Amino acid sequence: MFVIPINAQTPAEFGYQLHPEKLLENTVGTLQIFVTSNEMMVPRSINDLRVISSDNSVIQIINIQENNSGYAKNVQIKAIKPGIANIALAAPGFSSKEITLEVFNNNNHPTQILMKVTPDDFPIDGPRFGYVTVELATTGGLPTIAPEDITVYIETPNKDTISLKNQELLIKKGEYFATTEFNLVNSGDAIIFASAENMKKISEFVHIRKPTEPLQVQLFVIPEQYSSYSGATGYAIVELLDGEGAPVKAEEDIHMKLGVENPDVSVNTSNDFEEIQFSNKELIIKKGEYSAYTTFTPRPNLGDITTDSEQTFNMFISTDNYLTNGDSFTISHDEMGALEGEGPSITTVLPFLTTGEKEIIAVTYFETNIEISRQTGSSILGTTDRELVTVTVPVTAKQDYEINFASSESDTVKPINPIMKKGENVALVFGNTGTIAPDDSVAFYITDNEGVKTVTGTPIGPIKEDIDLTAEPLVPMILAGSEFPVIAYLLESEEDEEVSTTTDEDAEDENGRIGITPFIEDSVLTLSANDFVEAEPEIIKQNQPYVLLNLLTKEVGDTKLSFQAGQFEGNMAMTSHTTDPAEMHLSFVKNLLANTESLATIQILDSVGNPVYAKEEILIKVVSNDESVLKIPDEVIIKKGEYFNTFKLESQNEGKIELALLSEDLPLSKYDINIVDVSPVISLDLLGGLNWNERVEAKLSVTIPEIETSLDGFNVEWTADGGEVLQMDDVTNSDGIAIMNILANDKDTITVSATVSGNGLSSSTISKTAQILNMPIAETPVEEGFTINNSNMIYIIIPVAIGAALFILKRTERLDTITEKLGMGEKFEEIKEKISGIRNR
């Protein structure tokens, strides 16, 4: 099993900073490579660095240079063309790393087209046309003007859904967009394609909502009661209704034919015989409308050919592709003449839409109830069985009468007083409709010869409380310094509903009537005071689907515009862009080390953050809030035709500073730079036997707790006292270690000091002292009259035999016990030291 050593070092990691941070094609930049740990730059050199590009057609490696600090490498790279390349880094002792770099293109000329369809979602009762705008843009997606006339082609395969007004749009030199209209043909989804020479084809979708199905043609016969001998007239009205019974505008002309079923077919044996005479049996609900009508009259003296006192007839519709619902009416055959009078009036309200136009809203007619004597059986001996019955019969006007109509909701409909002409019994009631409907029904107040009567109806239209004012640009993106069109309209949105899980089938059941609705009143569209744009008020007429206005902005950036049209208010968020320099960006290493040198780059970007060339010389002031921490240039110049400038940062002290970039016509840019001054943890060990005249090894180790990798390249200044220096390392090695060897031949102690500095870290000093063993004893002359004492007497009398005995006692570990009992332990230690001294001599 492989075991990792306890003192094994973690492989070092590469850090990097690209200068400039965003490279343009056909330019040269610098990739700064350094050692990093815990997001900190590590002051450690990188030896034998290898750098490889995964795609030399995008980025090429030019050379590798070492910066003045000695622990960072500056890799010169050349951006060839727009694209993405991976840069692989490897070096001994490092974990390999792959860096992804992007090369941007020259962003000042059009390379693509953008398209916007407005609106892109239409309700069934809303406007029947919209706008298509195509726009020139750079590769970075910014709007840009045409250097010459450019033709953009638009087309749709869904010609049964929409029709384009123009299929070729010319963006003139100096402009950046062109607009045309399209018309709605039918419900469904359509796609619009746009293409231009040497530019990618693009597309956008349009959705036209469908009415609730099935669609049906409904027949209304009014009035329902007639007399064979009165000559009264009735109306046959057809309306196109959706699956919920609400009127819906036809998307095509609907042709139909009316017919009547005779309840007693045995009576009619001739094809030329018609019980009901129509003014027009063939009707057309025209495209964009939802109703049609005609009049009819029962055949005069129809009662002469039947024995029934009254008959019910069924009127029906014949048409293709639609469900149909007929209606019935009753004809009484009592022999009586026509009744004339001033009323009373009866009113039947029809389903109607609030289209903002004149619509049929009701039918009013004169009729009354009378008692008549009706035969009930056959005649017997000249007598006839009869009975009194009440029948409803038409009444014809004996002169022209104006019937007064009023509405409870004048914003929804204003009825036009119908005229019941002399000799007629029925009249259509028209109303000037608005474009909104109430939450509930509308009450109509009718005044006739009997007084005021009330009937109700339920118009179909948007609810006022659900309508908001909406404004949006017609162009996909706004170019600062140029006029651009804005469209405003009213939009009805759905009422809040509980959130629930829906299926695909539920998604198809969308409300076809929700969406854009015409303006409900005459008003003026105004823009609240705003320093960002300029605009003139626009007049709006009731039932106008849209209002267009041109705005001009010279500013670059974001703003919110507030609009008002009558009682409605709305906001529009807008962002204007430019391919001119719009901001400054500073690239730098996140954490700098004190007393080191690093690179920083200022580059100019457009409004979406893409690099862009300076169109004139740009002077940038560089200001620090603490000049004692970081040494910087007072100003940096980006020359015309260039897009960045790289300069040096010289850190001096620890601290956090704010660096501000100031230049005319560009917004202020501020950056926080952190300069870290880290003191290393230093340990010093003296290794060896520490004996006199032997080599002593002084081992210095340098570590930093915040950094997981070892440190090399620290400068070490040694001082030694008590010995002769044999060899010393001036810098730490790759393991953060430096060695000094000393011959201990001077004093009984040796003192070693080491001062560590460099690599952007504060200097630190450490010392250590050790006792030297086995120092030599100096010789002392013996005086005449030698005196014998307890100490030197032992030296003289000790025989070899006793020495041998002592050796045996020592080996058997009994000597210490004996000497302790005799109290001679200290004497024996003195004897051993002196014998050792004699041996050395």
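Guide: Start with strand S63, residues 737–743, in this predicted model. Seven of its seven residues are buried, so S63 is largely enclosed by the rest of the structure. Buried here means under 20% relative accessible area.

Now look at the side chains. Ile737, Ile739, Asn741 and Leu743 point one way from S63. Ala738, Met740 and Ile742 point the other way. Both sets are buried.

Next, the neighbours. Strand S60 covers residues 695–703. Seven bridges join S60 to S63, and the two strands run antiparallel.

Glutamate 724 has leucine 743 of S63 as its bridge partner.

Lysine 747 forms a salt bridge with aspartate 721. Their closest N and O atoms are 3.4 Å apart. Lysine 747 lies in the loop between S63 and strand S64 (749–758), while aspartate 721 belongs to strand S61 (residues 715–721), so the pair ties together parts that are 26 residues apart in sequence. Lysine 747 is partly exposed, with a relative accessible area of 36%. Aspartate 721 is partly exposed too, at 39% relative accessibility. Elsewhere, salt bridges with shared partners join Asp121, Arg209 and Glu510 into one network.

The structure holds 16 salt bridges. Lysine 615 and aspartate 580 meet through their side chains, at 2.3 Å from N to O. This pair links distant parts of the chain, 35 residues apart. Lysine 615 is in the loop between strand S52 (597–605) and strand S53 (618–624). Aspartate 580 is in the loop between strand S49 (568–577) and strand S50 (583–587). Lysine 615 counts as partly exposed, at 46% relative accessibility. Aspartate 580 is partly exposed as well, with a relative accessible area of 32%.

Glutamate 450 and lysine 453 form another salt bridge, at 3.1 Å from N to O. Glutamate 450 is exposed, with a relative accessible area of 55%. Lysine 453 is partly exposed, with a relative accessible area of 21%.

The largest nonpolar core has 64 residues. Within this core, Ile33, Leu586 and Ile602 touch the most other members. Leaving aside residues up to four places away in sequence, the residues it touches include Phe14, Tyr16, Ile46, Leu49, Tyr71, Val75, Leu89 and Ile99. Lys73 is also among them. Another core, of 31 residues, lies apart from the largest one. Among its members are Leu169, Ile171, Ala196 and Tyr546.

Finally, check some details of the backbone. The peptide bond from histidine 19 to proline 20 is cis, with omega near -10°. Proline 20 sits in the loop between strand S1 (13–19) and strand S2 (23–24). A cis bond also joins isoleucine 222 to proline 223, with omega near -5°. Proline 223 is placed in the loop between strand S19 (216–222) and strand S20 (225–227).

Two residues have a positive phi without being glycine. Asparagine 26 has a phi of about 60°. You will find it in the loop between S2 and strand S3 (27–37). Asparagine 26 is exposed, with a relative accessible area of 55%. Aspartate 665 has a phi of about 65°. Its place is the loop between strand S57 (655–663) and strand S58 (666–676). Aspartate 665 counts as exposed, at 76% relative accessibility.

Technical notes. Residues are numbered from 1 along each chain as its sequence is written. This is a predicted model: local features need pLDDT of at least 70, side-chain atom pairs count only at pLDDT 80 or more; totals for chains, interfaces and linings use all residues. Side-chain values use heavy atoms; hydrogens and water are left out. A nonpolar core is a set of buried Ala, Val, Leu, Ile, Met, Phe, Trp, Tyr and Cys residues joined through side-chain atoms within 4.5 Å. Buried means under 20% relative accessible area, exposed over 50%, partly exposed in between (1.4 Å probe, protein chains only). Contact means heavy atoms within 4.5 Å. Helices (H or I, at least four residues) and strands (E, at least two) are DSSP runs, numbered from the N terminus. Two strands pair if DSSP finds at least two bridges between them. A salt bridge is a side-chain nitrogen of Lys or Arg within 4 Å of a carboxyl oxygen of Asp or Glu.
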